[in-house]
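Trainee: I have a structure open and would like to learn how to read it. Could you walk me through some features, one by one?

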Amino acid sequence: LGRYAVLGNHDYWVSPEDVGDALRKAGITLLVNRSTPVRRGSDDLWIVGVDDAAAGHCDPELALQGVPPVAFKIALLHEPDMADRIAQHPVQLQLSGHSHGGQVRLPGIGPLLLPPLARKYPMGLRRVGPLVLYTSRGVGRVQPAVRFNCPPEITLITLKRA
């Protein structure tokens, strides 16, 4: 069906061009405020790639141009708190990361530090109006490079017709 990605804040800090080149060389399609249909049998779903909000490049309206309003849409957007904005559009599912789940979560307290745009929906499955949001803890770490009470995750999501 294909492999798709969007850029995140660290990609912009390093080099979005180099990250984009590495993704393309690995056979991964980078979606920068654009969408692509994915056909399975006689059905289409659309992958909507919304660029990084922290870097100031987020444009869901541009990403959704040309996408049929009735189509099933999966938005890939690095920052999960943008779900409030995405939920204003006819998008059914948003997949995000950015927070690392907080990396260090103390029992009874929760995460010690969450980045901007990942404080409202830092991890897990949520409903934001009509939108379903999943925020992955991912496998990465930022400094300090430690995880506590917040194991890394790789998530497998299976979509099934209602």
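This is a predicted model: local features need pLDDT of at least 70, side-chain atom pairs count only at pLDDT 80 or more; totals for chains, interfaces and linings use all residues.

Trainee: Which exposed residues does the face of α2 turned away from its buried side carry?

Mentor: That face carries Glu17, Asp18 and Lys25. Here "exposed" means over 50% relative accessible area, "buried" means under 20%, and "partly exposed" is in between, with a 1.4 Å probe and protein chains only. Residues are numbered from 1 along each chain as its sequence is written, and side-chain values use heavy atoms, leaving out hydrogens and water.

Trainee: And which residues of α2 are buried?

Mentor: In α2, which spans residues 16–25, the buried ones are Pro16, Val19, Gly20 and Leu23. They sit on the same side of α2 because they cover an arc of only 100° around the axis; the arc is that of the directions from the helix axis to the C-beta atoms.

Trainee: What do the buried residues of α2 pack against?

Mentor: Their partners are β1 (4–5), α1 (9–14) and β2. Contact is counted when heavy atoms are within 4.5 Å.

Trainee: How should I think about salt bridges?

Mentor: Side chains of opposite charge can pair when their charged atoms come close. The cut-off is a side-chain nitrogen of Lys or Arg within 4 Å of a carboxyl oxygen of Asp or Glu. A search of the whole structure finds 4 of them. One joins Arg24 to Asp21, at 3.1 Å from N to O. Both residues belong to α2 and are 3 residues apart, about one turn of the helix. Arg24 counts as partly exposed because its relative accessibility is 49%, and Asp21 is also partly exposed, at 37%.

Trainee: Which residue forms a salt bridge with Arg85?

Mentor: Glu61 does, with the closest N and O atoms 2.8 Å apart. Arg85 lies in helix α4 and Glu61 in helix α3 (residues 60–63), so this pair ties together parts that are 24 residues apart in sequence. Arg85 is partly exposed, with a relative accessible area of 30%, and Glu61 is partly exposed at 36%. Another salt bridge links the side chains of Asp44 and Arg39, at 3.0 Å from N to O.

Trainee: Now the inside, please. How do I find a nonpolar core?

Mentor: In soluble globular proteins, nonpolar side chains tend to be buried together. A nonpolar core is a set of buried Ala, Val, Leu, Ile, Met, Phe, Trp, Tyr and Cys residues joined through side-chain atoms within 4.5 Å. The largest one here has 17 residues, and Val50 and Ile86 have the most contacts inside it. At least two residues of this core come from each of β4 (43–50), β5 (72–77), α4 (83–86) and β10. A second, separate core has 7 residues, including Leu31, Val38, Ile47 and Leu93.

Trainee: Which residues does Ile86 touch?

Mentor: Leaving aside residues up to four places away in sequence, Ile86 touches Val50, Pro60, Ala75, Leu77, Val91, Gln94 and Leu131.

Trainee: What can a phi angle tell me?

Mentor: Most residues other than glycine have a negative phi, and most peptide bonds are trans. Asn33 has a positive phi, near 50°. Asn33 sits in the loop between β2 (29–30) and β3 (34–40), and counts as buried because its relative accessible area is 10%. Leu117 also has a positive phi, about 70°, although it is not a glycine. You will find Leu117 in the loop between β8 (110–111) and β9 (124–128); with a relative accessible area of 29%, Leu117 is partly exposed.

Trainee: Where does Leu113 lie, and is it buried or exposed?

Mentor: Leu113 lies in the loop between β8 and β9. Leu113 counts as exposed because its relative accessibility is 64%.

Note on methods:
Helices (H or I, at least four residues) and strands (E, at least two) are DSSP runs, numbered from the N terminus.
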